[in-house]
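Student: Please go through this structure with me, starting with one residue pair and then the rest.

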Amino acid sequence: MRLKPVWRTLLPWLLLAVLGGVLFMFYIQSSVVDDKARSQVELDMRQILALDTRINLDVLRLRHRQLQGYDSLANSALQVTNLLQGLQRQFERMGRPEALASARQAWLAKETALDDFKRQNTVLVNSLYHFVNLSRQLQTTKEGSVDLLNAITRDVLVFVNEQQTEEIPAIFAHLEQLEAMSKTWSGMAATRGSLLAAHARQIVNNHLPVQRLMLSISRNHFTQDLELAYGEYIRAYNQATVQAEYYRRLMAIFSLLMVVAVVLIVLRLQYTARELESSHSLLDNIANHLGEGIFSFDGEGRLNFMNRRAEHLLGRREADLLGRDLVEIWPRESQSDSAFRAARQAGRSFEGEEWLCRASGEHFPAFFLGGPLPNLDDANVAQGYVASFRDVTAQHQSEERLRIAASVFDSLAEAMTIAGPDGRIISINPAFSQITGFSEADARGKTPGELLGSGLHDKEFFREMWRSLNESDHWQGEIINRRKNGETYPEWLSITAVRNEEGDVAQYIALFSDISERKQVEARIHRLSYHDLLTGLANRLLFQDRLETAVRQAHRSHRPLAVILFDLDHFKNINDSLEHRAGDSLLSAVGQRIQALLHEGDTLARLSGDEFAILLPDGITSHADAAKQASLVMSAFATPFELEGREIHITVSIGIAVYPADGETWEVLLKNADVALHNAKSAGRATFRFFQESDNQHSLERLELENDLRHAIRRNELRLYYQPQVDTHSGMIYGVEALCYWQHPTRGLLMPHDFISLAENSGYIDALGRWCLENGCRQLVEWQRSGLPIQWVAINVSARQFRNPGFTEMVLEIVEATGINPNCLELELTESSMADDPERIFNVFTQLRKKGLRIAIDDFGTGYSSLSYLARYPVDVVKIDKSFVDGIAGEGEQNSFSLVQAVVLMAHTLHMKTVAEGVENEEQRRCLMKMQCDLLQGYLYSRPCLASALIDLPCVADND
C-alpha cells in the first residue's frame with residue numbers, strides 16, 4: 001500500500017516527534033531526583049528543629065518573666081508554619097504527601113497551646129504585678145491586719161515559686177478572711193483589699209494551668225513526628241534515584257534513534273526547501289490583502305517585511321523602512337520603554353497595546369500580537385520576529401463611553417433598577433443595595449413588587465402606574481416599599497419604559513431615592529439639640545440637665561450618686577494614623593460598648609472629643625460601688641475594637657466624684673471629676689482615680705509650674721548639662737549627651753523628669769526642644785573651634801516633636817544657622833516613644849539621615865518591639881538602658897549579661913554603634929569592654945555638668 005504524498009511528507013516529522021516525546025518523557029523521569037531539593041529539605045528540617053527549641057526556650061523565659069514581649073515567640077511560630085508549608089510541597093513532589101500529616105497535626109496542637117499560653121500567662125503576670133503592688137499599698141495603711149496580709153502575700157508567692165497545691169485551701173481561707181475584713185475598712189483600703197483578693201484568686205487559679213501548658217508545649221511530639229517524616233522522605237528519594245538512573249540509560253538509547261531520524265529529516269528538508277521557495281510569493285500576496293498590519297524582523301532586529309495594511313496605518317512606505325529598527329514609529333516619550341520592542345529584543349511572545357506614531361505625527365493606539373520566528377537556516381544566527389497590529393482607536397472610544405456610563409450608573413446617589421420587558425430585574429446599582437439592603441444576587445430575576453412590596457398599596461395604585469407607563473412610557477410618584485430587614489420606608493420613584501426600533505418595550509428603567517430622611521428632619525433637629533451627632537448619646541447640655549436633676553433628688557432622699565468622667569488614652573494617635581473617619585468609628589463603638597454595661601436610669605454622654613461622662617444616680621452606697629463601675633468600664637476595653645479590618649487596642653483614664661462627699665452641686669461634681677481624670681492621666685493612664693481635696697492644690701501647683709515654664713526661655717532659666725560618652729577601650733571622650741535642666745527661681749534646680757512631661761502635655765515641648773537644639777549645636781561648634789576634640793552632641797527629642805509637620809525643616813534650619821556639621825548632631829528618641837506614630841517617625845528618620853544626621857534609640861530594651869525597631873528603622877546608635885547595665889556584673893546576673901551581649905552583637909550585625917548608659921563601676925566597664933560595647937556613659941566618668949566644667953574632666957584632658 002502506497003502512502004499519500006502528504007503522509008510521506010509528515011512521516012519523518014512524526015518519527016522525530018515520537019522519538020522526541022519519548023526522549024522528553026525519559027528526561028522528565030530521570031530528572032525527578034533533585035539534590036538541591038533534598039538539601040533544602042534537610043536545611044528546612046534543621047531550621048524547624050532549631051526554631052522549635054527556641055520556642056520552648058522563649059516559653060520558659062516568658063513563664064519565668066525573663067522575656068517581656070511575645071514578638072520572638074510569634075515570629076518563630078510563623079517561620080515554622082511557613083517552613084512546614086515548603087516541606088509539604090517537597091514531600092508531595094516525592095509522592096509522600098501523607099508522611100508529613102502527623103507532624104503538621106502535632107504542630108497545630110502546639111500552636112493552639114502557644115496561643116492559650118500567651119493569653120493565660122499575660123493574665124497571670126498582670127495579676128501578680130497588681131497583687132504585689134496592692135499588698136505593698138495595704139501594708140502601708142493603718143487599716144487591716146498586717147499579719148494576715150503578710151501571710152497571704154507569703155503563701156501566694158511561695159505557691160507561685162514552689163507549686164505546692166496542698167497550700168491552696170489555706171490560701172483561699174486567708175483570702176476569705178481578707179475579703180470579710182476589707183468590707184469593714186473605709187475608702188480606698190476597702191477597694192484595694194477586694195482587688196488584692198481577686199488578683200490572688202486569679203494567680204492561684206491560673207498558675208497551674210499555665211504551668212501545665214508550658215509542659216505540654218515542651219513535651220509535644222512534633223519534632224519526633226517530623227524526624228519520622230524525614231526518614232520516609234529519604235527512603236522515597238533513594239527509590240527515585242534508582243529509577244532515574246534506569247531512565248537515563250533508556251534516554252541514551254533513544255538519543256541514538258533520534259540522530260537517525262534527524263538524518264532522514266534533513267534529506268527530506270532539501271526537497272521541501274524547493275517547494276517553500278515557490279510558496280513565498282503566494283504568502284506575500286496573502287499578507288498584503290489582510291485587514292491587519294504585519295511586521296517581520298530579522299535576527300538583528302531590522303525590518304525585512306511590511307504589508308500594505310501596515311503602510312496604510314503608519315502612512316509610511318516599506319521601502320523607506322526596510323533594514324531599520326523602526327524606533328521612529330513609536331512616540332518619543334515611549335521609545336526607550338516600549339514593551340513590544342523589549343519583547344522583540346528578548347525573543348518573547350507579546351500580546352498587548354502600544355501607542356504608535358503616523359508619518360503625520362498623529363498618535364494612535366494599536367493592538368499587537370507577535371512572537372519569535374524559528375531559525376530555519378543557521379543555528380548560530382539570531383532568530384527573527386513577526387507581529388501583526390491593528391488600530392483600536394474606535395474600540396477605545398466605545399470602551400470609554402461604556403466606562404462613563406457604568407461610572408454614572410454606579411456613582412448615582414439615587415437607586416437605579418434595570419428590568420426586562422417582563423418586569424424582572426436585570427441589574428441594580430450600588431445605591432439600590434445601600435437603600436434596600438438587597439444585593440444584586442438577591443434582586444436579579446425578581447420583580448420589584450415581589451422583592452420590595454410592602455403590602456400598603458392597593459391594586460388600584462398599581463393599575464394606575466401601569467396605565468401611565470403604557471400610555472406615556474413614564475410614571476413617577478411616592479411609594480412605600482420594604483427593605484430586606486423588613487423595615488418600610490417612603491421613596492420617590494420614577495419609571496421609564498425604553499422601546500426598541502420595532503416599538504416594543506425592551507427595558508424598564510426605575511430611579512428612586514429614599515425620602516424618609518426628609519420627613520425626619522424636624523425630629524432630628526430636636527434630637528440634635530440634646531444628643532451627640534456622632535454617637536447618638538446625650539450631649540453636654542442634656543447631661544448637665546440630668547445631673548442637676550439627679551443632685552436635687554439625691555439631696556431630698558439623702559442618698560449618694562456618682563459622676564464618672566473618662567477619655568481615651570492616646571486617641572490623637574489614632575486620628576493621625578487612621579484619619580478622623582476611623583476615630584469617629586471608634587468613638588461610636590466605645591459609646592455602644594459602654595452603654596451596654598449601664599442600667600436603666602444611668603446616663604452615658606459624650607461631652608467633647610473623646611471625653612465621655614457617666615451619671616450613676618442609683619445603686620451607689622460608697623466609693624467602692626463607683627470603683628466597681630469604673631472597673632467594669634476599664635474591663636470593657638480589654639477586648640480590642642475592629643476598625644477597617646484592623647484590631648485597635650486602647651485604654652481609658654477615669655476620674656470619679658461622689659455626691660455629696662466630693663461636691664454638693666452639679667457644677668462642683670463635674671469639675672472635681674475632671675480633676676480626678678487629670679490625675680489618672682498623670683498617673684500613667686489606663687487607671688482610675690477618685691477626687692481628693694489635695695488634688696486641687698496639686699492642680700494649682702502644676703498650673704503655676706506650667707506658667708513658669710512658658711517664661712523660662714525668656715528669663716534665661718534653662719541650662720544645658722553635658723555628660724560625656726567615652727570610648728570603651730581608650731577611655732577618651734568621643735561625644736556628649738545634652739540634658740536640659742531648669743534653674744527655677746524658687747524651686748531650685750529641676751531635673752528633666754520634673755518638667756519635660758509637663759512641657760509635652762502643655763504643648764510647650766516644641767519651643768523647649770528648639771532651644772535645646774540651638775544651644776547644643778552652638779556649644780559643640782564653640783568647643784570644636786577652640787580645639788576640644790568632641791566629635792558629636794546627642795540631644796533628646798520628644799515623639800511629639802517628631803509629629804510636628806515642620807520638624808525636619810526646623811532641624812535643618814538650625815544646622816545651617818549654627819554651622820554645625822550634620823554628622824556631629826545626634827538625635828535621641830526613646831524606644832517606647834517610637835510606638836506612638838511609627839510610620840511618620842520612620843519617614844523623619846530617613847529624611848534626616850539623608851542630610852547626614854545621626855539617629856539613636858534611647859533606653860533600648862525597655863519596650864516590647866525592640867528587635868523589629870532595630871531591623872526596620874534607619875538607626876545609627878543603640879543606647880542600652882541603665883536597668884540592664886546594673887545587673888551585668890553581679891553574681892547570679894547571667895541573664896542580664898547575656899541580654900546585653902545579645903543587643904551588642906545584634907547592633908553590630910546591623911552596622912550600628914552601641915552606648916551603655918549608667919556605667920558606675922570598674923567591673924561594669926570591664927564586662928562591657930569584653931562584650932565590645934563601643935561607648936560608655938555614666939557616673940564612672942562624670943555626672944552631667946555645665947559646659948564650663950566639662951573641659952576639666954579627666955576623660956577630656958586625656959585627649960589633649
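Tutor: P372 stands opposite Y385 in β5. This is a predicted model, in which local features need pLDDT of at least 70, side-chain atom pairs count only at pLDDT 80 or more, and totals for chains, interfaces and linings use all residues. Residues are numbered from 1 along each chain as its sequence is written, and side-chain values use heavy atoms, with hydrogens and water left out.

Student: How many bridges join β4 to β5?

Tutor: Strands here are DSSP runs of E with at least two residues, helices are runs of H or I with at least four, and both are numbered from the N terminus. Two strands pair if DSSP finds at least two bridges between them. Strand β4 covers residues 363-372 and β5 covers residues 385-391, running antiparallel. The number of bridges joining them is 7.

Student: Which strands stand at the edges of the sheet?

Tutor: The open sheet has 5 strands with antiparallel pairing, in the order β2-β1-β5-β4-β3. An edge strand has a single partner strand, so one side of it is left without a neighbour in the sheet. The strands at the edges are β2 (303-306) and β3 (350-357).

Student: At about what angle does helix α11 run to β3?

Tutor: Axes are lines fitted to C-alpha atoms, for helices over the stretch in contact (heavy atoms within 4.5 Å), and angles run from 0 to 180 degrees between N-to-C directions. Helix α11 (residues 339-346) lies across β1 (293-297), β3, β4 and β5. Its angle to β3 is about 125°.

Student: Is S494 buried or exposed?

Tutor: S494 is found in strand β9 (residues 488-499). Leaving aside neighbours within four places in sequence, its contacts are H474, W475, Q476, I509, A510 and L511. Buried means under 20% relative accessible area, exposed over 50%, and partly exposed in between, with a 1.4 Å probe and protein chains only. At a relative accessible area of 16%, S494 is therefore buried.
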